[in-house]
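Dear colleague,

Please find below the structure that I am handing over to you. My findings follow it.

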Amino acid sequence: IFAAMPVAFASDGYFLRIPAGLKLINPVRIRAKSDRMQARLSNHMIWLEPDAEACILLVDMQPQNDSSGPGISIGNLGINLDEGSKLTFVEISSGSDQAWKISHEKAHLGTNSQLDWLACAMNGLFNKHFVQVDLAGQGSTVRMNGLYLPSGHQQVEFNTRQNHFAANTKSDLLY
């Protein structure tokens, strides 16, 4: 149900497409910010066409001040890497001691594509991330790294899955 809600009722989102052969020199920075008194439902998509290269930094912030009550962020993220494309994706989420975040993130990797994914969850009462990478093209590679910094009663969960659907694929996971 949490994956379907943002699809049906998304209040924000982005679609970022990097055209074939384009190699971005500077990182793309995306900053998402929400008010804690409301729910934010987001639906995001990143698509790199063949032989494109990019570095994307996503910062998802909720206010740190605890005086205004809890907030929740529920979102989906899709990443599609076509043949020979390379993406470095860094996502940082941070919230107050009352903030909730639930995300469903899925990447599809084509032939000889490469994904370097760093996820960092800082603060927040409850962070739950479902992360799936489908290595669908021969020779595709993913490196997934995660860092989480809970304290006290805060809870962080990362559920990861790497599906090796093609020959000669590699995944490396460190959380």
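**Strand pairing in the sheet**

H44 has L77 of β5 as its bridge partner. The model is a predicted one, in which local features need pLDDT of at least 70, side-chain atom pairs count only at pLDDT 80 or more, and totals for chains, interfaces and linings use all residues. Residues are numbered from 1 along each chain as its sequence is written, and side-chain values use heavy atoms, with hydrogens and water left out.

Strands here are DSSP runs (E, at least two residues), numbered from the N terminus, and two of them pair if DSSP finds at least two bridges between them. Six strands form an open sheet in the order β1-β3-β5-β7-β9-β11, with parallel pairing. Because β1 (15-18) and β11 (155-164) stand at the edges with a single partner strand each, one side of each has no neighbour in the sheet. From one strand to the next, the twist averages 10 degrees.

Strand β3 (residues 39-48) is joined to β5 by 10 bridges, and β5 is joined to β7 by 10 bridges as well. In the latter pair, S73 stands opposite K101 of β7.

In strand β1 lies F15, which counts as exposed (over 50%) at 53% relative accessibility. The C-alpha atoms of F15 and H44 are separated by 6.0 Å.

Yours sincerely

How values were computed: Helices (H or I, at least four residues) and strands (E, at least two) are DSSP runs, numbered from the N terminus. Axes are lines fitted to C-alpha atoms, for helices over the stretch in contact, and angles run from 0 to 180 degrees between N-to-C directions. Buried means under 20% relative accessible area, exposed over 50%, partly exposed in between (1.4 Å probe, protein chains only).
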